[in-house]
Amino acid sequence: MAIFKGAGVAIVTPFHEDGSVNYEKLTELLEEQIAGGVDSIIICGTTGEASTLSHEEHLDVVGHTVKVVDGRVPVVAGTGSNCTETAIYLSVEAEKLGADGLLQVTPYYNKATQKGLIAHFTAVAEAVKIPIILYNVPSRTGCNILPETAVYLAKHVPNIVGIKEACGNISQIAKLAHLADGCLDIYSGNDDQIVPLLSLGGIGVISVLANVAPRQTHDIVMNFLEGRVMESAKMQLEALPLIDALFCEVNPIPVKTAMNLMGKECGPLRGPLSPMEPENVEKLKKAMTDYGLLLKA
């Protein structure tokens with residue numbers, strides 16, 4: 001059984017101006033996302049600036065999210081680390097807090113071998129009972145989960161049930177889908193490849209775009225899954241200029257900027273992320289306006 005089908009939002013973590021977590025604003029964002037039709041909340045992922053949260057903050061944000069969402073949609077907690085022991089600790093604690101599933105990024109910087117990846121993900125999965133979605137994003141981690149490795153894990157570790165694929169290589173994802181033959185739920189990790197991945201048997205997206213356009217992102221997926229393929233493709237193509245602008249600098253700099261431009265007051269970024277370059281802010285504003293998003297006057 002899939003943790004979710006449709007659009008999961010990789011939600012930002014809002015901060016006060018002093019850099020502390022803004023839990024009141026996080027509550028507002030969570031309510032807006034649920035009202036906007038998202039199918040899952042992915043908390044403390046890359047977009048949530050998890051790498052700059054302390055372990056205490058990380059778990060407090062997960063616990064707060066679980067309480068606010070209150071079972072209305074699944075909450076998937078990012079609990080990955082480049083240290084296996086740390087990933088196990090965060091995963092065990094997130095399970096205690098009531099997370100419905102876990103997102104496990106490939107260990108970054110260490111550049112583990114495929115055998116090392118199998119050992120790492122197996123150790124984390126065996127420490128918990130809730131389902132796990134692997135997260136393959138080699139452009140950020142320097143480490144690629146090969147299709148054979150992902151399928152081996154799915155077939156040998158019962159609670160490894162899905163993968164967020166952000167490798168960007170459609171040929172690799174096609175090979176993964178072929179080898180998996182249904183044993184692994186595949187989610188797009190790239191907003192510009194939602195429809196291509198769905199066409200290969202994917203069941204959804206874990207999305208940055210959904211932060212600013214939750215209903216549209218949900219509809220891109222559900223139109224496809226319900227047989228309205230051309231409408232889904234049309235929506236995907238219409239969103240491309242905005243998606244391009246949302247990734248013209250490293251995520252989550254543009255999306256947090258976009259949310260602030262919409263008046264959502266998500267606060268600053270934590271270092272080493274820096275404010276968006278002025279020329280890129282103008283590009284983002286134009287893309288948002290062209291897409292029909294309302295900017296704060």
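Q: Where is P272 found?
A: P272 is found in the loop between helix 11 and helix 12. The peptide bond that leads from G271 to P272 is cis, with omega near 20 degrees. This is a predicted model, in which local features need pLDDT of at least 70 and side-chain atom pairs count only at pLDDT 80 or more, while totals for chains, interfaces and linings use all residues. Residues are numbered from 1 along each chain as its sequence is written, and side-chain values use heavy atoms, with hydrogens and water left out.

Q: Which residues does the cis peptide bond with omega of about 10 degrees join?
A: That bond joins N251 and P252. P252 sits in the loop between helix 10 and helix 11.

Q: Which residues does UniProt list for "binding site"?
A: UniProt positions are given in the numbering used here, with shortened feature names, and the annotations may be inferred rather than shown by experiment. In this case the entry is unreviewed, and it lists T47 and I206 under "binding site". The two are spread over 160 residues of sequence, yet they cluster in space, with a largest C-alpha distance of 10.6 Å. From this set, T47 is part of the lining of the second largest pocket.

Q: Is T47 buried or exposed?
A: Buried means under 20% relative accessible area, exposed over 50%, and partly exposed in between, with a 1.4 Å probe and protein chains only. T47 has 4% relative accessibility, so it counts as buried. Its place is the loop between strand 2 (40–43) and helix 2.

Q: Where does I206 lie, and what does it touch?
A: I206 lies in strand 8 (residues 204–207). I206 counts as buried because its relative accessible area is 2%. Residues up to four places away in sequence not counted, I206 touches A10, I42, K164 and Y187, among others.

Q: What does the side chain of H58 reach?
A: A polar contact is a pair of N or O atoms within 3.5 Å; within protein, one must be able to donate a hydrogen and the other to accept it, and residues adjacent in sequence count only if both atoms are side-chain atoms. The side chain of H58 reaches the backbone oxygen of G78 at 2.7 Å. H58 is in helix 2 (residues 55–69) and, at 4% relative accessibility, is buried. Beyond its neighbours within four places in sequence, H58 contacts C44, A50, L53, G78, T79 and L90.

Q: Which backbone nitrogen does the side chain of N22 reach at 2.9 Å?
A: That of K25. A polar atom of the N22 side chain also lies 3.4 Å from the backbone nitrogen of E24. N22 is in the loop between strand 1 (6–10) and helix 1 (23–35), and its relative accessible area of 11% makes it buried.

Q: Which residues of helix 12 are buried?
A: An α-helix has 3.6 residues a turn, so residues three or four places apart point the same way. In helix 12 the buried residues are N280, V281, L284, A287, M288 and Y291. They cover an arc of only 125 degrees around the axis, and therefore lie on the same side of helix 12; the arc is that of the directions from the helix axis to the C-beta atoms. On the other side, P278, E279, K286 and D290 are exposed. The cover over the buried residues includes helix 9 (214–225), helix 10 (229–246) and helix 11 (253–261).

Q: What is the phi of D70?
A: Phi of D70 is near 55 degrees, a positive value in a residue other than glycine. D70 is in the loop between helix 2 and strand 3 (75–78), and at 61% relative accessibility it counts as exposed.

Definitions and conventions
Helix = DSSP H or I, 4+ residues; strand = E, 2+ residues; numbered from the N terminus. Contact = heavy atoms within 4.5 Å. 1 Å grid on protein atoms, 1.4 Å probe; cavity = no way out; pocket = protein on both sides within 12 Å on 5 of 7 lines; lining within 4 Å.
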